[in-house]
Amino acid sequence: MTPARVAFVGSGPFGVETLRRLTASPSVELVGIVTAPPRPAGRSREPKPTPIAIAARAMWIPILTPDRLRAPESVAEVLALRPDLLVLADYGQIVPPALLDLPHGALNLHPSLLPRHRGASPIQAAILAGDRETGVTLMRMDAGLDTGPIVAVERVTLDGTETAPELERRLAILGADLLERSLEPWIRGDLPATPQPSEGATVTTPLRRDHGRLDASRPAAELERQVRAYQPWPGSWLKTNVGRLVVWSAEAAPADGGKPGEIVADADGIALLTAEGRLRLVEVQPAGGGRMSGAAFRRGRPAIVSA
C-alpha cells in the first residue's frame with residue numbers, strides 16, 4: 001500500500017504522542033504540521049511555542065503556524081502540501097470545509113466518549129461531572145463541533161482521584177494507540193464511520209480564569225472535583241482575609257454547621273465550609289508563595305481561621 005500523505009493539525013500536549021506515532025507509521029508519509037503560533041506566556045510574557053511545535057523541531061517536516069486556519073491563505077498553504085488525509089488532535093480552531101474534503105477525509109482524536117463532552121474542555125468536564133468512565137473517540141470530521149461520525153472508540157474507567165494533567169497523559173497514549181491501529185484500515189476503506197447518536201450529547205466551553213473561583217454555595221464534593229479538573233489552568237482559588245489562596249489538593253468531608261464561605265480549623269489544617277459539607281484544603285499556595293500543606297499555611301497565617 002502506498003503511504004498516504006498526512007498533514008497533522010494540533011497544538012496542545014494531548015496531540016504530542018499522536019504526532020510521534022505518525023512519524024513512525026509505515027501507512028503514512030507526514031508531509032506537514034499545522035500548529036498555533038507562539039503566544040505570550042508566563043510572567044515574562046515571552047512568546048512560547050506550542051508543545052507540538054517543540055516536539056516537531058527535530059522532525060525536519062514543514063511547520064505551518066497560521067493565526068487563523070480558516071483564512072484563505074492558510075487553507076492554500078495546507079493544500080499546497082497535497083495531503084490525502086488530515087489528522088487533528090488538540091488544536092482549538094474550527095477546520096474549514098476545504099480541508100475536510102480530502103481523498104481520505106479528516107480524522108479527529110477527541111478525548112471523550114462522544115457525543116458526551118464535545119467542545120473545548122472535555123477532560124475537565126469528565127472530572128467535574130464525576131464520570132466513572134471516559135475515553136478517546138476517533139471521528140471523521142464534518143463542519144460541526146465534534147459532531148462527525150465515529151470511526152473507533154477506546155474506553156477507560158475513572159476512579160475519582162484523577163487530576164486533569166494525569167488524565168490527559170493517560171488519554172494521550174490511549175488515543176495514539178487507537179489511531180495507530182486504525183490508520184491502515186481507514187486508508188484502505190475497511191473501517192466504517194457510524195453517525196453519532198443524538199441522545200446524551202453535551203457541549204463544553206473554553207475555560208476562563210474566573211471559572212477557577214471556589215464557590216462555597218456549591219457542595220464540597222463538586223468543589224473537590226473542580227480542584228482536580230482545573231489543574232493547571234485556570235486553577236482553583238478563593239479570596240480569604242489574608243489574601244488569595246490557590247488550592248492544589250482538597251478533600252470533601254461532612255460539616256457540623258457553620259456558614260458557607262467560612263474557613264475553619266480542621267484538625268491541624270483548614271477547611272472551607274460549603275452549602276453541603278466542608279472542603280478540606282490539603283495543599284495550598286498563597287499569592288507570591290510556594291505550595292504547602294494547609295496545616296503549614298495555618299501555622300504561618302493563623303488569622304485565616306474564622307473567629
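Q: Which residue of strand 2 is the bridge partner of Val-9?
A: Strands of a sheet pair through backbone hydrogen bonds, either parallel or antiparallel. Here the bridge partner of Val-9 in strand 2 is Val-34. Six bridges join strand 1 (residues 4-10) to strand 2 (residues 28-34), in the parallel sense. Two strands count as paired if DSSP finds at least two bridges between them. Strands (E, at least two residues) and helices (H or I, at least four) are DSSP runs, numbered from the N terminus. The model is predicted: local features need pLDDT of at least 70, side-chain atom pairs count only at pLDDT 80 or more, and totals for chains, interfaces and linings use all residues. Residues are numbered from 1 along each chain as its sequence is written, and side-chain values use heavy atoms, leaving out hydrogens and water.

Q: What is the strand order of the open sheet of seven strands?
A: The order is 5-2-1-6-7-9-10, and the pairing is mixed. Strand 5 (63-64) and strand 10 (150-157) are the edges, each pairing on one side only. Helix 5 packs on this sheet and touches strand 1, strand 2, strand 6 (85-89), strand 7 (106-110), strand 9 (133-140) and strand 10. Contact means heavy atoms within 4.5 Å. The direction of helix 5 makes about 150° with that of strand 10.

Q: How many residues does helix 5 have, and where is its kink?
A: Helix 5 (residues 164-188) has 25 residues and spans 35 Å from its first C-alpha to its last, close to the 36 Å expected. The expected span is 1.5 Å times one less than the number of residues. A kink of about 40° lies at Ser-182, shortly before Pro-185. The bend is the angle between axes fitted to the seven residues ending at a residue and the seven starting there. After helix 5 comes Gly-189, with a positive phi near 90°.

Q: At what angle do helix 1 and helix 5 pack?
A: Axes are lines fitted to C-alpha atoms, for helices over the stretch in contact, and angles between N-to-C directions run from 0 to 180 degrees. Helix 1 (residues 16-24) packs against helix 5 at about 30°, with the axes 8 Å apart. Helix 1 is therefore roughly parallel to helix 5, a label for angles under 35 degrees. Among the residues in contact are Arg-21 and Leu-22 of helix 1, and Ala-172 and Leu-183 of helix 5.

Q: Which residue in the hairpin of strand 14 and strand 15 has a positive phi?
A: Ala-267 does, with phi near 55°, in a hairpin with two residues between the strands. Strand 14 (residues 263-266) and strand 15 (residues 269-273) run antiparallel and are joined by four bridges.

Q: Where is Pro-115 placed?
A: Pro-115 is in the loop between strand 7 and strand 8 (118-119). The peptide bond from Leu-114 to Pro-115 is cis, with omega near 15°. The bond from Gln-231 to Pro-232 is also cis, with omega near -10°.

Technical notes:
Angles under 35 degrees count as roughly parallel, over 145 as roughly antiparallel, 65 to 115 as roughly perpendicular and the rest as oblique.
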